[in-house]
Amino acid sequence: MTDGTQETTRRWKGMTIPAAGTYVLDAAHKRVGFTAHHMMVSQVRGEFSAAAATIRVGEDPLDSQVTATIRTGTLTTQNEDRDTHLRSSDFLDVDRWPTIEFRSRRVERRVADDAIAQWARLRNHLPERSRVATELVERTVGVGGRFTVVGDLTICGVAREVALDMHFGGARTDPYGRDIFGFSATTDFNREDFGLSWNVALEAGGWLVGKRVKVEIAGEAVREV
């Protein structure tokens with residue numbers, strides 16, 4: 001909560017973003033889910049019910065940092081037998097590795113936003129018209145900024161670099177006077193890169209469990225008091 005004089009939001013690249021500071025993931029407004037293929041024909045969805053994250057928003061937003069911890073034992077796919085197997089040493093080995101960790105290295109603004117501006121520049125050759133077109137695009141983008149968050153994901157003691165496609169959802173003060181911002185992010189990776197290689201070959205070809213896993217994260221971050 002702010003004291004009434006502290007800056008809560010600011011403008012950057014046509015977006016309203018949170019003021020610099022430390023924010024934590026709101027446990028009541030978060031989802032950490034994943035998707036993997038089964039039998040080469042369908043998807044299995046699951047999630048982890050316990051996760052924590054700290055986001056340090058920089059004076060320059062691209063200097064921001066993220067650290068996150070997921071409790072592997074809270075995995076659920078709404079099927080007890082499958083969940084027991086996924087928690088076993090064949091997969092996450094939750095007794096030995098109780099957490100999945102993420103530590104960001106850098107934040108990059110997605111060029112997708114700039115591509116629209118580039119298109120506008122091609123349609124507006126005069127410098128002044130180009131500037132106006134760019135400003136118009138930035139206003140149009142509004143709160144829907146996209147970023148890439150690159151960092152180290154550690155699963156079962158193995159760290160690999162991954163890139164999260166992050167969508168910034170906006171910043172404001174909630175009805176309880178807390179400074180918050182929303183976001184969602186996705187990434188996908190080959191689970192075998194983390195040593196999760198258990199599988200069964202199918203007679204018709206392919207594998208029982210897909211090798212690629214898609215992670216889907218959504219939530220709100222609250223400024224620390």
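A residue is called buried when its relative accessible area is under 20%, exposed when it is over 50%, and partly exposed in between (1.4 Å probe, protein chains only). The structure is a predicted model, in which local features need pLDDT of at least 70 and side-chain atom pairs count only at pLDDT 80 or more, while totals for chains, interfaces and linings use all residues. Residues are numbered from 1 along each chain as its sequence is written, and side-chain values use heavy atoms, with hydrogens and water left out.

We start at the N-terminal strands. Helices (H or I, at least four residues) and strands (E, at least two) are DSSP runs, numbered from the N terminus. Strand β1 (residues 9-12) runs antiparallel to strand β2 (residues 15-18), and 4 bridges join them; strands pair if DSSP finds at least two bridges between them. The two strands form a hairpin with 2 residues between them, and K13 in the turn has a positive phi of about 55°.

G58 sits in the loop between β5 (51-57) and β6 (65-71). It counts as buried, at 13% relative accessibility. Leaving aside residues up to four places away in sequence, G58 touches R10, A20 and S64, where contact means heavy atoms within 4.5 Å.

Next come the aromatic rings. Rings of Phe, Tyr and Trp (its six-membered ring) pair if their centres lie within 6.5 Å; planes under 30 degrees apart count as stacked, over 60 as edge-to-face and the rest as tilted. By this rule there are 7 aromatic pairs. One of them is the tilted pair of F34 and F48, at 5.5 Å centre to centre with 45° between the planes. Because F34 lies in strand β3 (residues 21-38) and F48 in strand β4 (residues 42-48), the pair ties together parts that are 14 residues apart in sequence. F34 is buried at 12% relative accessibility, and F48 is buried at 8%. F181 and F183 also form a tilted pair, 6.2 Å centre to centre and 45° between the planes. Both partners are buried, F181 at 8% relative accessibility and F183 at 16%. Y23, F168, F181 and F183 form one aromatic cluster.

A nonpolar core is a set of buried Ala, Val, Leu, Ile, Met, Phe, Trp, Tyr and Cys residues joined through side-chain atoms within 4.5 Å. The largest has 44 residues, of which F48, L92, L153, I155, F168 and F181 touch the most other members. Strand β10 (residues 158-173) gives the most to this core, with 5 residues.
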